[in-house]
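Reader: Please show me the structure, and then let us work through it by question and answer.

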Amino acid sequence: MLKEILKNIIRRKSVVPFPQGFRVSPEEASKVTDLQEKIDAVFGRSLRIRQVDAGSCNACEWECTALTNPVYDIQRFGIDFVASPRHADAVLVTGPVSRQMELALKKTYLATPEPRLVIACGDCAVDGGVYKGSYAVTEGVANVVPVDCYIPGCPPSPMAIISGIIQLLEKLTHLR
Amino acid sequence: MMEGILRKAKRTAEQGNEVYLEVAREDFKKSCVFLYEKKRAFLRLMFAADERETGGEFKIYSVFSVPGKDRFYIVVLPVEEGSPTFPSITSSIPAAHWYEREIRDMFGLVPEGHPDPRRLIFHDSFPADSHPLRKDWSLSGMDKKEWGEGTAGKVPYRFMEVEGEGIYEIPVGPVHAGIIEPGHFRFSAVGETIFFLEPRLFYTHKGTEKHFEKIGFPEGVRLSERVSGTSSFSHSAAYCMAVEKAMGIEISENAKAARTLLLEFERLYNHIGDIGNMCAGTGFAVGYAKGALVKEELMQLNERITGHRYLRGMNVIGGVSKDIFRHRDDILSTAERATREYKEMMKLILGTVSHVERLENTGILSREIALKLGVTGVAARASGVNDDIRKSHPHLLYDKLLFEPHTMAKGDVFARMMIRAEEAECSLSMIDALLESNYRGDLTVGVRAIPPYASALGYAETPRGSVFYWVMSDKEGRPLRVKLRSPSFCNWPAVPFAVHGNIVPDFPLCNKSFNLSYSGCDM
Ligand code: SF4
């Protein structure tokens, strides 16, 4: 461990090469670079997201978690997932909203200070996905709380989630 | 050896490795206990089916497997509609406790003598006397609305209360601090020490089993892939196996090899990710980041070879949809790189005393409890239970691969990490071995119509433990019943035992070491 830290201090100035074999296309990368400016414009440097699992299969969550790994490292743009809705600008909801999570989702939404945004992440959150028609789900987040942005995909890849957030920010920059 | 029960059975049927023994009500418990106590059999799953359209009866199935034999003994008890009860076996076989409560919730069949009369799956606002898996069930619009609002309190759930000086309760969830699934935990603590934990789950109940009946067998593959995100492939492999058996088809060697390979891929990315995640539980950020990096690398490989990061869309009834052996070179070079990085990561983790120290002696699950509760997978093997479906019921190409299930004795968080580490290495060598040969046959074989009232059992070893699917067709060959039993359903009841006596701040760590799926459990 100490060795690791030392190594990092000594080598600090060298550029860390992107791990071999990783794939992020130039178009995707260029989309991300102006993300910072947009966040600066709309939120004054930070966008804080509270993630709520409303009955997801958990793949959508793992893609959100992947956003914080060293490859996507979404925190460098000022975006982060926070522990409490009270600290959040946006609520990102995954899953078709199972009946037994409806109340908890509403409460989390209401606990988020206004103005608040709601992002429906994943096919399930959009319209129920594969679970559409089941007795125990509400078929989409919009049936429970108002939605500002939809990110389709099953699950949407980390890059798709980032571009979804960019689109939302774009919408907001135009409004200003 | 089974003469005793065989003689008692009113009717027996054998198909492949499944032996169905239909018994009379008074023999049901005796037969189950005989298998469990005398033959040391594992209770794999227990479920009911509404077969009233065939003979006016419900049926209860308890599936056992005896160690050392590739056979499933399935004790079947018909239950008449007029007297919807069956003898509970929980007092002798504790592993049955959740299954029996589930049967009561979903079918309205009452396990007589069950120690816990509370509902398991449905929360307070769900109407009493409403049982979704009955064929004639429906829910009124009003009931549905009230269920969603969650405030009606129709059948109040009583949490267990711990009394005594200095005991206080900490309620947590369903919405947690991190990016994890929802569940409610109620801790009764003395100072920092957890005295008792009661989890209240099933927030993510999505009516999956009923939904399977509605959408039909072919569409079911997509649904089975979405029961538990990180076990997408093993779930769908088990589901396809069940349906293929019911159809009476056998997939080609090529498809078998592909499925075996991808099952190991799934295990690999999960185990490495999980080891990294445990570092998050102790605040060891470097370890966490390394784990996440190797996992990401493997998931990108998944995407390159199958088109999906979670290996979805690969399994189809009758085989696999893509030829993954075309990507042999890519797989080999990525696996080699991942092995190197993974070894480095393990060296870092095991060399970090502050981290390892937190894992040792934390969250101990004893072998006795693990056996009694029917714990499966990594959690069972870390507690010294030598059970792995790949070995005990060899399927696909597992009988051609040389491997031994790893076990450890202590059952603490460290043991669960080390089992994962050993299995990850084992998976890597299996992947190598599988890539050495060429396999014959087409990707898919032709599917057939499923005969009326055919049933079959499918299974696989997910990264968390064994998963089972049992399917039965109706008169038209559509699904009459699809039972799914995910490993998390078996393992959740063990978590309170493992955290007892630990401090509250260690709970996330214990929880991560089990890494259970809420969605898989809640269905
Ligand atoms: S959209 Fe897909 S990945 Fe996301 S929760 Fe639904 S089934 Fe799972």
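Author: Rings of Phe, Tyr and Trp (its six-membered ring) pair if their centres lie within 6.5 Å; planes under 30 degrees apart count as stacked, over 60 as edge-to-face and the rest as tilted. The model is predicted.

Reader: How many aromatic pairs are there over all chains?

Author: The cut-off on ring centres is 6.5 Å. Applied over all chains, this rule gives a count of 27 aromatic pairs.

Reader: What kind of aromatic pair do B:Phe58 and B:Phe107 form, and which parts of chain B does the pair tie together?

Author: The ring centres of B:Phe58 and B:Phe107 are 6.4 Å apart with 80 degrees between the planes, and the pair is edge-to-face. Both residues are buried. B:Phe58 belongs to strand E4 (residues 57–65) and B:Phe107 to helix H4 (residues 97–107), so the pair ties together parts of chain B that are 49 residues apart in sequence: strand E4 and helix H4.

Reader: Is helix H4 of chain B enclosed or open, and why?

Author: The buried residues of H4(B) include B:His97, B:Trp98, B:Glu100 and B:Arg101. The count of buried residues is 11 of the 11, so H4(B) is largely enclosed by the rest of the structure.

Reader: Which residue follows H4(B), with a positive phi?

Author: The phi of this residue is near 70 degrees. The residue that follows H4(B) is B:Gly108.

Reader: Why is the pair of B:Tyr157 and B:Phe159 called edge-to-face, and which charged residue lies over the face of B:Phe159?

Author: The centres of the B:Tyr157 and B:Phe159 rings are 5.1 Å apart and their planes stand at 80 degrees, so the pair is edge-to-face. B:Tyr157 is buried at 14% relative accessibility, and B:Phe159 is buried at 16%. The charged end of B:Arg200 sits over the ring of B:Tyr157, 3.7 Å from its centre. Over the face of B:Phe159, at 3.8 Å from the ring centre, lies B:Arg186.

Reader: Which residues do ring pairs link into a cluster with A:Tyr135?

Author: The cluster has residues of chain A and chain B. Ring pairs link A:Tyr135 with B:Phe122, B:Phe126, B:Trp137 and B:Trp147.

Reader: Why is the ligand site said to be shared, and which elements give two or more residues to the shell around the ligand?

Author: Among the residues around the ligand are A:Cys57, A:Cys60, A:Cys124 and A:Cys154, as well as B:Arg226 and B:Arg312. Residues from chains A and B surround the ligand, so the site is shared between chains. The ligand sits in the second largest cavity. The elements that give two or more residues to its shell are, in chain A, helix H4 (59–67) and helix H6 (123–127).

Reader: How far apart are the end C-alpha atoms of helix H16 of chain B?

Author: H16(B) is mostly covered, with 18 of its 24 residues buried. At 1.5 Å a residue, helix H16 (residues 413–436) should span 34 Å, which agrees with the distance between its end C-alpha atoms, 35 Å.

Reader: Is B:Pro127 buried or exposed?

Author: B:Pro127 is in the loop between strand E7 (110–112) and helix H5 (141–149) of chain B. From B:Pro127 to B:Leu139 there are 12 residues in sequence and 8.9 Å in space, C-alpha to C-alpha. Buried means under 20% relative accessible area. At 9% relative accessibility, B:Pro127 counts as buried.

Reader: What percentage of the residues of chain A count as buried?

Author: Chain A has 7 helices and 5 strands. Its pattern along the sequence is α-α-α-β-α-β-β-α-β-α-β-α. Of its 176 residues, the share that count as buried is 56%.

Key
Residues are numbered from 1 along each chain as its sequence is written. Chains are lettered from A and ligands numbered from 1 in the order in which they are written. This is a predicted model: local features need pLDDT of at least 70, side-chain atom pairs count only at pLDDT 80 or more; totals for chains, interfaces and linings use all residues. Side-chain values use heavy atoms; hydrogens and water are left out. Helices (H or I, at least four residues) and strands (E, at least two) are DSSP runs, numbered from the N terminus. Buried means under 20% relative accessible area, exposed over 50%, partly exposed in between (1.4 Å probe, protein chains only). A charge sits over a ring if NZ of Lys or CZ of Arg is within 6 Å of the ring centre and within 35 degrees of the ring normal. The expected span of a helix is 1.5 Å times one less than its number of residues. A residue is near a molecule or strand if one of its heavy atoms lies within 4 Å of it. On a 1 Å grid over the protein atoms alone, a cavity is a set of points where a 1.4 Å probe fits but cannot get out, and a pocket is an open set with protein on both sides within 12 Å along at least five of seven lines; lining residues have an atom within 4 Å of a point. A molecule sits in a cavity or pocket if more than half of its atoms lie within 2 Å of its grid points.
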